[in-house]
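Please read them with the model open.

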Amino acid sequence: MSSPTGPASGLPVRMPRPRQPGRHRRPEPLVAPEGAPALVLAVPGAPGAASRSLAEEVVSIARSELPGLDVRIGYVDGDDAEFPSLRFVLSRTAEERTARYEQAVAAGLEVAQPDGPVAVVVPLLAGPDSALLRQVRQSVMESRVAAELTDVLGPHPLLAEALHVRLSEAGLARADRARLFTVATAADGIILASVGGEEAVQAAGITGMLLAARLAVPVMAAALDQEGSIASVAEQLRSSGSQQLALAPYLIGPEIDPGLLAAAAEEAGCATAEALGAYPAIGKLALAKYTTALGISPQQAQGTPVR
């Protein structure tokens with residue numbers, strides 16, 4: 001039995017702080033809705049320690065933005081042991097939801113039978129790659145789990161910001177600390193390197209226009225997986241007057257062999273920045289894809305059940 005000030009054991013009870021009145025009150029912290037589907041991050045490429053570390057950091061960012069969110073990592077080419085496959089993760093997520101419901105019923109609780117998607121699958125890709133997305137869709141289908149599959153993370157202004165930061169970290173662009181918009185840059189032409197063929201080049205070009213506005217230099221997209229594409233774009237930039245080029249990977253990292261980037265930079269005769277990696281925007285965009293798929297608004301994230 002508990003008292004008004006605490007439980008019978010004498011342990012204190014954490015009481016909710018009164019909400020501040022007035023229009024200048026602090027916003028209530030967002031939390032994941034009760035019963036919300038899991039966010040499953042689909043990680044492409046060959047699994048390894050580097051891709052796991054990156055994925056875990058992206059997951060950590062998403063959780064910090066929406067506490068209580070159930071986030072899991074599934075590897076497109078996983079082995080179900082050290083690196084669980086996307087199919088395995090989806091199946092396990094569905095089994096755990098069913099088990100929670102059965103336990104609640106056995107305990108005599110009145111709970112609604114779970115319905116709706118078990119998970120929302122977010123591909124860890126900056127741009128479209130039909131081959132990789134086909135693998136992701138196949139894994140979702142083979143899991144026989146009700147899951148929503150979102151689009152890739154880009155194009156998006158936050159990715160242009162991330163590219164800008166990676167270029168500045170490599171000494172290839174100078175960041176304006178005041179506004180991060182019009183800046184002086186060490187490179188006078190940027191090659192935006194993507195994978196996924198022509199569709200990926202077109203999508204990267206949209207983010208490239210935003211990056212060009214930030215850096216005030218020409219930016220052109222090219223495909224790493226098309227022979228001669230990087231060298232051809234480098235020649236176009238030099239023909240138009242750019243002399244000091246930089247390669248900016250429009251990639252998160254796991255989806256490409258790092259050796260391919262180095263070879264492309266050498267072929268084009270230019271320096272290269274790091275891939276986007278676990279830049280904070282990546283976790284935020286993954287979460288945005290999740291909430292958009294479920295139609296969750298900030299108000300609903302306060303605690304409206306989603307089954």
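1. The model is predicted: local features need pLDDT of at least 70, side-chain atom pairs count only at pLDDT 80 or more, and totals for chains, interfaces and linings use all residues. Residues are numbered from 1 along each chain as its sequence is written, and side-chain values use heavy atoms, without hydrogens or water.

2. The geometry of this pair comes next. Helix α1 covers residues 49-65 and helix α8 covers residues 280-294; they pack at about 60°, with axes 8 Å apart. Axes are lines fitted to C-alpha atoms, for helices over the stretch in contact, and angles run from 0 to 180 degrees between N-to-C directions. Helices are DSSP runs (H or I, at least four residues), numbered from the N terminus. The α1/α8 crossing is right-handed (the near helix is turned clockwise from the far one by less than a right angle). Val58, Ile61, Ala62 and Glu65 of α1 make the contact with Pro280, Ile282, Gly283, Lys284 and Leu287 of α8 (contact means heavy atoms within 4.5 Å). By class, that contact has six nonpolar, one polar and two charged residues. Ala, Val, Leu, Ile, Met, Phe, Trp, Tyr, Cys and Pro count as nonpolar, Asp, Glu, Lys and Arg as charged, and the others, Gly among them, as polar.

3. Now α2 and α3. The axes of α2 and helix α3 (residues 130-143) come within 8 Å and cross at roughly 35°. This crossing of α2 and α3 is right-handed. Leu86, Arg87, Leu90 and Ser91 of α2 touch Val136, Ser139, Val140, Glu142 and Ser143 of α3. The contact of α2 with α3 divides into four nonpolar, three polar and two charged residues.

4. Then α4 and α5. Helix α4 (residues 157-169) and helix α5 (residues 197-215) have axes that come within 8 Å and cross at roughly 50°. That makes α4 oblique to α5. The crossing is right-handed. Pro157, Leu159, Ala160, Glu161, Leu163, His164 and Leu167 in α4 meet Thr207, Leu210, Leu211, Arg214 and Leu215 in α5. By class, the α4/α5 contact has eight nonpolar, two polar and two charged residues.

5. Which residues are closest to the centre of the largest pocket? The space in this pocket is about 550 Å³. Of its 23 lining residues, Glu34, Gly35, Ala36, Arg97 and Arg100 are the closest to the centre. Helix α2 (residues 86-106) gives the most to the lining, with five residues. The lining divides into 14 nonpolar, three polar and six charged residues. On a 1 Å grid over the protein atoms alone, a pocket is an open set with protein on both sides within 12 Å along at least five of seven lines, a cavity is a set of points where a 1.4 Å probe fits but cannot get out, and lining residues have an atom within 4 Å of a point. Grid points are joined across faces, edges and corners, and a volume is the space filled by probe spheres set on the points.

6. The second largest pocket holds about 370 Å³ of space. α1 gives the most to its lining, with four residues.

7. The largest cavity has a volume of about 60 Å³.

Notes
Helix = DSSP H or I, 4+ residues; strand = E, 2+ residues; numbered from the N terminus. Parallel < 35°, antiparallel > 145°, perpendicular 65-115°, else oblique.
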